[in-house]
Amino acid sequence: MFLSKALLRHSARPNVSNRMPKSATDSRDFVIPRIWVGNIKWTTGKAQLTEYFNRFGAVRDVRMFFDNYNGLHKGFAFVTFEDINSVSKVLETAHDHAIDNQQIRVKLAQSQEDDLAKRKFNFDI
């Protein structure tokens with residue numbers, strides 16, 4: 001029996017919904033313990049962000065994004081914690097965070113799907 005290449009590619013592709021619990025496929029049921037940090041001074045690095053946010057809970061990862069032209073970071077980062085309770089502690093004092101004598105902004109990071117829906121349909125989720 002001959003199968004087309006397209007059919008073979010489609011059948012070989014794993015079905016993501018079969019590998020996850022049904023509740024985890026809905027982004028509203030599954031929250032990643034991540035915050036967005038903005039207004040970061042250009043001299044502040046990942047180590048300083050990790051050290052600062054470790055006082056609220058164990059930090060799993062800090063992601064900073066850099067400009068290709070000048071090599072400096074873009075002034076914002078995403079901090080991922082081990083536990084969602086750490087995010088709650090950070091957000092309780094959202095207006096009282098300062099690193100390197102610079103007032104920073106923090107808020108709950110949104111998933112990409114929520115962000116795209118806001119831009120496409122212009123409404124709050």
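Here are a few friendly notes on this predicted model, from the overall fold down to single side chains.

1. Let's begin with the chain as a whole. Six helices and six strands make up its secondary structure, and their order along the sequence is α-α-α-β-α-β-β-α-β-β-β-α. Of the contacts with a separation of 6 or more, 59% join residues 24 or more positions apart.

2. The aromatic rings deserve a look: the structure has seven aromatic pairs. One of them is Phe65 with Phe76, a stacked pair at 5.5 Å centre to centre and 25 degrees between the planes. Phe65 belongs to strand 2 (residues 59-66) and Phe76 to strand 3 (residues 73-81), so this pair ties together parts that are 11 residues apart in sequence. Phe76 also forms an edge-to-face pair with Phe78, at 6.3 Å and 90 degrees.

3. Elsewhere, ring pairs link Tyr52, Phe53, Phe56 and Phe81 into a cluster. Ser86 itself sits in helix 5 (residues 84-92) and is buried, because its relative accessibility is 5%, and under 20% counts as buried.

4. Finally, please look at Trp36: the charged end of Lys107 sits over its ring, 5.1 Å from the centre.

Terms used:
Residues numbered from 1 in each chain as written. Predicted model: local features only at pLDDT ≥ 70, side-chain atom pairs only at ≥ 80, totals over all residues. Heavy atoms only, no water. Helix = DSSP H or I, 4+ residues; strand = E, 2+ residues; numbered from the N terminus. Buried < 20%, exposed > 50% of the residue type's maximum accessible area, 1.4 Å probe, protein only. Contact = heavy atoms within 4.5 Å. Phe/Tyr/Trp six-rings, centres within 6.5 Å; stacked < 30°, edge-to-face > 60°. Lys NZ or Arg CZ within 6 Å of the ring centre and 35° of its normal.
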